[in-house]
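Good morning, and thank you for coming. Today I shall take you through one protein model, and I ask you to keep the structure in view as I speak.

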Amino acid sequence: MHPLPDSRPRCWVTVNGVTDVVIIGAGIAGLAAAGEFLDQGRSVVVLEARDRVGGRILTRDHGGIGIDLGAQWLSPGNESMFYLAEQAGVQLIGPSEGSVLVRTDGVVRSLGFSDQGAALSPFETADFGQGVVRLRRLAERVHTDPTWASANEVWLSQPLGRWIRTNLRTPGVQRNFSVLLGRLGGDPDALSLRQALDIIASSNDLEDLYTVSGGLRLRRPIGGMGQIAEHLADRCWENIRLSTRVTGIEYDPQSATAICDDGQRFEANRVLLAMPPWLALNLDFNPPLPAWRTEMLAAQTVGASIKAVLVYDTPWWREHGASGQMSADDGAVRFTFDISDPNGPGVITGSFDDDEAVASSALTPQERENIFVDCLVGVLGPRATGHSGYLEHDWYADEFTAGAHSPHFAPGAWRVQGPQLGEPLGAVRFAGAEYPDRNNGYLEGAYRSGIEQAQAIIRSLA
Ligand SMILES: Cc1cc2nc3c(=O)[nH]c(=O)nc-3n(C[C@H](O)[C@H](O)[C@H](O)COP(=O)(O)OP(=O)(O)OC[C@H]3O[C@@H](n4cnc5c(N)ncnc54)[C@H](O)[C@@H]3O)c2cc1C
């Protein structure tokens with residue numbers, strides 16, 4: 001992704017000296033909003049702290065290949081993003097075919113998801129693997145630890161369906177699990193967790209029951225998601241000011257001013273804060289943020305993620321029928337997937353998440369590379385040491401994100417409190433992935449939030 005070349009014209013379009021809207025953040029939400037304002041003939045300035053647009057979309061060039069170190073996947077229902085991809089002329093591709101490898105208790109099993117033409121998404125793969133591990137451990141414990149089983153009798157009597165809904169996080173896997181475990185004894189809502197564990201402990205291994213189909217079909221752009229961010233930025237480059245970090249906001253009901261670290265002030269009728277909500281705590285608000293907002297923001301789980309990529313001369317794992325997707329119940333990198341472009345080198349990505357990301361953030365890139373390779377060797381074998389390149393991005397250490405993709409595998413708190421935090425604050429409005437009640441945490445949610453907030457602001461200015 002290229003920063004704004006110096007030669008591009010810059011015009012800070014204003015009406016009577018005051019800009020209609022100042023947007024803080026040129027991620028997908030800020031860019032979507034900027035385009036909407038311009039389409040409606042409004043004046044807008046976008047202030048972006050980084051020297052690039054895209055925010056948590058980050059495509060790096062590696063020998064002529066675009067590799068995503070941030071957001072990468074689109075799922076069914078992401079209509080706006082699919083439409084943008086089409087407009088941008090970006091070709092989309094699905095996960096690679098082949099078996100998914102699951103490593104539990106040090107044993108690698110191959111799941112033939114591809115036999116029915118359906119592959120699991122990376123998130124589903126991880127979710128599925130963790131669900132299998134938890135069920136197998138529970139089944140073992142119920143039979144080896146009668147004291148524990150008796151102490152937890154009430155909990156074990158819950159319907160299996162409820163356990164599935166509360167322990168598995170992706171709807172596709174919840175459905176697949178219900179179908180799979182329904183084969184054990186009928187309707188999962190009519191079967192107790194204890195009954196299911198008894199059957200699992202006394203019958204074939206759980207994996208023997210897998211004939212999973214219907215996993216969500218994800219798509220990713222060949223050449224990287226950065227193309228879509230650039231496509232949006234192409235509509236408003238002259239309104240974007242890169243490497244401009246906002247440190248404070250003065251506001252009242254009629255207007256607001258963004259103050260930058262170099263002392264520049266941008267006054268507008270409205271300021272749209274399109275940066276990760278938790279970073280608002282670093283801004284100096286005048287008047288100060290209401291106590292409830294500060295407390296709510298401070299109490300949120302933000303998450304942490306280091307996305308890592310290994311490049312090989314070829315996607316050699318496909319020769320063995322493997323899809324490159326794996327899920328493991330231990331190790332620093334617990335799921336991986338193949339993101340090779342057609343006819344390109346072999347590329348496998350994985351991520352250090354949450355506690356593993358926090359702990360690994362203190363290590364060197366070389367140490368993280370070694371750890372990732374070791375994790376892959378544990379599943380794919382020694383050939384995984386033959387990589388020719390390593391790329392990573394530590395989103396937790398990156399001061400302009402200082403977190404990750406909040407909703408994936410997090411407690412989902414943003415879904416509940418995001419809409420509340422998105423309420424206007426005087427002339428300050430909020431947009432971004434964490435605010436909407438639909439597609440919360442995803443690109444689609446960020447884009448829609450940007451458009452919706454822009455439209456609400458335009459109505460409020462009419
Ligand atoms: C590793 C990773 C993988 C992901 N994978 C997927 C995926 O596959 N599919 C999916 O749909 N979503 C995915 N996501 C989530 C997705 O990236 C986000 O939901 C989305 O990009 C958020 O967009 P946004 O515009 O709300 O925020 P951001 O993209 O965070 O944009 C906010 C912008 O504000 C800027 N900013 C911050 N502070 C300041 C300041 N003080 N002054 C000025 N500017 C500032 C930032 O630099 C940034 O450009 C992933 C996220 C991560 C981290």
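Predicted model: local features only at pLDDT ≥ 70, side-chain atom pairs only at ≥ 80, totals over all residues.

Let me begin with a definition: two residues are in contact when heavy atoms of theirs lie within 4.5 Å.

If we leave aside its neighbours within four places in sequence, S360 is in contact with I306, F352 and R368. Is S360 buried or exposed? The cut-off for buried is a relative accessible area under 20%. S360 has a relative accessible area of 4%, so it is buried. One further distance concerns this residue: S360 and D394 are 34 residues apart in sequence, and their C-alpha atoms are 9.3 Å apart in space.

Helix α11 also holds D354. The phi angle of D354 is near 50 degrees, a positive value in a residue other than glycine. D354 is partly exposed, with a relative accessible area of 32%.

Let us now step back to the whole protein. Its secondary structure comes to 14 helices and 19 strands. The protein has 462 residues, and buried residues make up 56% of them. How much of the contact count comes from residues 24 or more positions apart? Among contacts with a separation of 6 or more, such residues account for 73%. As for the surface, the protein exposes about 18900 Å², and carbon and sulfur atoms supply 49% of that area.

I turn next to the ligand. There are 34 residues around the ligand, and those that come nearest are E48, R56, W73, A433 and G441. By class, this shell has 20 nonpolar, ten polar and four charged residues. Helix α1, residues 28-39, and helix α14, residues 443-461, each supply at least two residues of the shell.

A backbone N or O atom of I28 lies 3.2 Å from an oxygen atom of the ligand. For A433, a polar backbone atom is 2.9 Å from an oxygen atom of the ligand. For G441, a backbone N or O atom is 2.8 Å from an oxygen atom of the ligand. On its own, the ligand has 1000 Å² of accessible area, and the protein covers 98% of it.

The side chains of E434 and R56 are joined by a polar contact of 2.9 Å. E434 is placed in the loop between β19, residues 428-430, and α14. Although it sits in a loop, E434 is buried, with a relative accessible area of 1%.

S255 lies in the loop between β10, residues 246-251, and β11, residues 256-260. At 19% relative accessibility, S255 counts as buried, because the cut-off for that class is under 20%. Beyond its neighbours within four places in sequence, S255 is in contact with E250, E267, A268, N269 and A427.

L218 belongs to the loop between α8, residues 193-202, and β8, residues 220-221. With a relative accessible area of 4%, L218 is buried. Along the chain L218 and P76 are 142 residues apart, yet their C-alpha atoms are separated by 7.0 Å.

Finally, I would point out two features of the backbone. Which peptide bond is cis? The bond from N286 to P287 is cis, with omega near 0 degrees. P287 is placed in the loop between β13, residues 284-286, and α10, residues 291-299.

A402 lies in the loop between β18, residues 389-394, and α13, residues 413-421. With a relative accessible area of 28%, A402 is partly exposed.

That concludes my presentation, and I thank you for your attention.

Key: Residues numbered from 1 in each chain as written. Heavy atoms only, no water. Near = heavy atom within 4 Å. Polar contact = N/O pair within 3.5 Å; in protein donor to acceptor, adjacent residues only side chain to side chain. Areas by Shrake-Rupley, 256 points an atom, 1.4 Å probe, with all protein chains shown as cover. Helix = DSSP H or I, 4+ residues; strand = E, 2+ residues; numbered from the N terminus. Nonpolar A, V, L, I, M, F, W, Y, C, P; charged D, E, K, R; others polar. Buried < 20%, exposed > 50% of the residue type's maximum accessible area, 1.4 Å probe, protein only.
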